Amino acid sequence: MRLFALLVPLLCFAQRPVEYRIHRAPSAIKVDARLDEPGWRFAPPTSEFIFNWHESGEKEPTEAKLLWDDENLYVSWRCSDKHISALETKRHGPVSKDDCVEIFLSPNPAAVKNYYTFEINAIGTMLNRCRTSWWTGPPTWEPEGVEHRTTFHGLARKDESSEDHEWIVEMAIPLKNFARNAAHMPPLPGDEWRLNLMRTGGKTNAQHSTWSPIPPGSQKSFHTPENFGKVVFDAEPASRRTARAAVSYEGAAEGKTIYNRSCTMCHGLDGAAGDRAPALGAQRRYTRRTQAELFDAIRNGIKGTGMPGSPMPEADIRKIIAFLFSIRATAVDLPVTGDVEAGSKVFHGKGGCSGCHMIRGQGGLLGPDLTNIGAERRMEELRHALIGPRPVPVRGFQPVTLRTKAGAVIRGVVKNENNFSMQVLGRDNKLHLLLRDEVTSATYEKDPPMPAGFDRKLTAAEFEDLLAFLSRQSRRKAQ
Ligand code: HEC
Ligand code: HEC
């Protein structure tokens, strides 16, 4: 029993070594605690901070991000906080008593005990130390050229207020400060450093939280470099693509069940619009776009609206968010279980799809080109397309049978028509241009040319493989 109790937490930690890819900043970063550059918008947030020694009180989330260029490492923290306070204004003063963020950074993973610290309170006072084998100076350290700004930068003090809701810290650390330890300066893409990001202090609800967990059994201290997470310098600039690739869909299926149980008093079933609240899965522009923003809205509610906060466990909220993202995402964004290669064989073979559909210049003309279908449609839409039936023929694909004065019968779909002429793409993959005078009869059919019921015509595995193959058809690179 005792052994079991001990093993469980150890196993949990063993499963989640944290790692973060630092993307390059796509444009210049102005250190102003606003985080409005594209780099910050698109940089993926780190995984959620862990409350290693939590006893009681609200666990307020932190969204941390990193970027780099040849000059600087950029770090940002967006701290949800209902009680923001800071008093220390003296350089290298004890800022961690105040609401404070920290980064401890080790540029050489082979000698992780050599690390540098940056601690900044909510009014912008900083404390630095250089805990390296070569440092012989005083207990504090003066890094060169660091720029930092906080939401309450430069105030003589920050007292708690009922308006408090979040504060931001943005900083640029010149990489040359780490030249002594780093393998390359500037780092090469693929270089690995180790670091931890933390948050602590404040008068009310002073929680300790860290990006990389500090497992039970180790010293209860941020100064445990053996627990630092891993970061890798990535050559790719932060972009829409990197942002999409970083979204988590873990637990989406369970999230759907929890959502349908807990939220459909107001919102609609499966993410549709409800009587008292908007659709959460519609193709519209949402004001809250990141997973952290959704977390905040669901946990705390949206002030001044009918959207209440929810006391449900954090893990459940995260699963709901995964579900909401999965129904908003286009197919290419979602991870798939099917085998893409096998799906390609179904597409070109048993499914007979390539007879009517073109992909990258290969295949038939009757149906729409599917080269980019994974980026244009959501997974559910692809599934429905294969199962059918579609209620109304899609514009440009109205099936028709024509008889001409010359005695020909042409079966195909109407591409264009007006009072004088018709353009019909025939089952022979040829475009037929006819004047109305030449046509003796035109029979419009109700059944769309795209066959339905592939969920029955194919085995379950073939169907999933085919879906996986379709979902990866995208002009941009799949994740
Ligand atoms: C009492 C009714 C009610 C309940 C229950 C409710 N919501 Fe809402 N929700 C609303 C309303 C109203 C809005 C629109 C707020 C606005 O105008 O911005 C909203 C907005 C939202 C938004 C923001 C949409 C956006 O812009 O991105 C999310 C996300 C959301 N709700 C999720 C949930 C989840 C998840 C649950 C269940 C845990 C839930 N809601 C339960 C009423 C409700
Ligand atoms: C006889 C010709 C034909 C065959 C065979 C056929 N399709 Fe289609 N397909 C069409 C046509 C025409 C449309 C457009 C009209 C519609 O959606 O009904 C279409 C629509 C689609 C769509 C929806 C496209 C969109 O823009 O939303 C998908 C996805 C699709 N087909 C996939 C397939 C797959 C996969 C197969 C093989 C299992 C297949 N089709 C077999 C003719 C065909």
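This is a predicted model: local features need pLDDT of at least 70, side-chain atom pairs count only at pLDDT 80 or more; totals for chains, interfaces and linings use all residues.
Me: Which residues come nearest to ligand 2?
Reply: Around ligand 2 there are 26 residues, and by class this shell has 19 nonpolar, 5 polar and 2 charged residues. The nearest among the residues around ligand 2 are Gly351, Cys353, Cys356, Gly367 and Met450.

Me: Which helix gives the most to the shell around ligand 2?
Reply: At least two residues of the shell come from each of helix H9, at 379–387, and H11. With 3 residues, the helix that gives the most is H9.

Me: How are H4 and H6 oriented to each other?
Reply: The axes of H4 and helix H6, the latter covering residues 314–328, come within 7 Å and cross at roughly 105°. Angles of 65 to 115 degrees count as roughly perpendicular. H4 and H6 are therefore, relative to each other, roughly perpendicular.

Me: How many charged residues does the contact of H4 with H6 have?
Reply: On the H4 side, the contact is made by Ala252, Glu254, Gly255, Lys256, Ile258 and Tyr259, while H6 brings Asp316, Lys319, Ile320, Ala322, Phe323 and Ser326. Divided by class, this contact has 6 nonpolar residues and 2 polar ones, and the number of charged residues is 4.

Me: How is H7 oriented to H11?
Reply: Helix H7, made of residues 340–348, packs against helix H11, made of residues 460–471, at an angle of about 100° and with the axes 7 Å apart. That angle makes the orientation of H7 to H11 roughly perpendicular.

Me: Which residues of H11 make the contact with H7?
Reply: The residues of this contact divide into 7 nonpolar, 2 polar and 2 charged. From H7 come Val340, Ala342, Gly343, Ser344, Val346 and Phe347, and from H11 come Glu462, Asp465, Leu466, Ala468 and Phe469.

Me: Which strands stand at the edges of the open sheet of 5 strands?
Reply: The order of the strands in this sheet is E17-E16-E15-E14-E18, with antiparallel pairing, and the twist averages 40° from one strand to the next. An edge strand here has a single partner strand, so one side of each is left without a neighbour in the sheet, and the two strands in that position are E17 (431–435) and E18 (439–444).

Me: What is the bridge partner of Asn416 in E16?
Reply: Strand E15, with residues 409–417, and strand E16, with residues 421–426, pair in the antiparallel sense over 5 bridges. Within E16, the bridge partner of Asn416 is Gln423.

Me: Which residue in the turn between E5 and E6 has a positive phi?
Reply: Strand E5 (residues 115–121) and strand E6 (residues 126–131) pair in the antiparallel sense over 6 bridges, and Phe118 stands opposite Asn128 in E6. The two strands form a hairpin with 4 residues between them, and the turn residue with a positive phi, of about 95°, is Gly124.

Definitions and conventions: Residues are numbered from 1 along each chain as its sequence is written. Chains are lettered from A and ligands numbered from 1 in the order in which they are written. Two strands pair if DSSP finds at least two bridges between them. Axes are lines fitted to C-alpha atoms, for helices over the stretch in contact, and angles run from 0 to 180 degrees between N-to-C directions. Angles under 35 degrees count as roughly parallel, over 145 as roughly antiparallel, 65 to 115 as roughly perpendicular and the rest as oblique. Two residues are in contact if their C-beta atoms, placed from the backbone, lie within 7 Å. Ala, Val, Leu, Ile, Met, Phe, Trp, Tyr, Cys and Pro count as nonpolar, Asp, Glu, Lys and Arg as charged, and the others, Gly among them, as polar. A residue is near a molecule or strand if its C-beta atom, placed from the backbone, lies within 6 Å of it.
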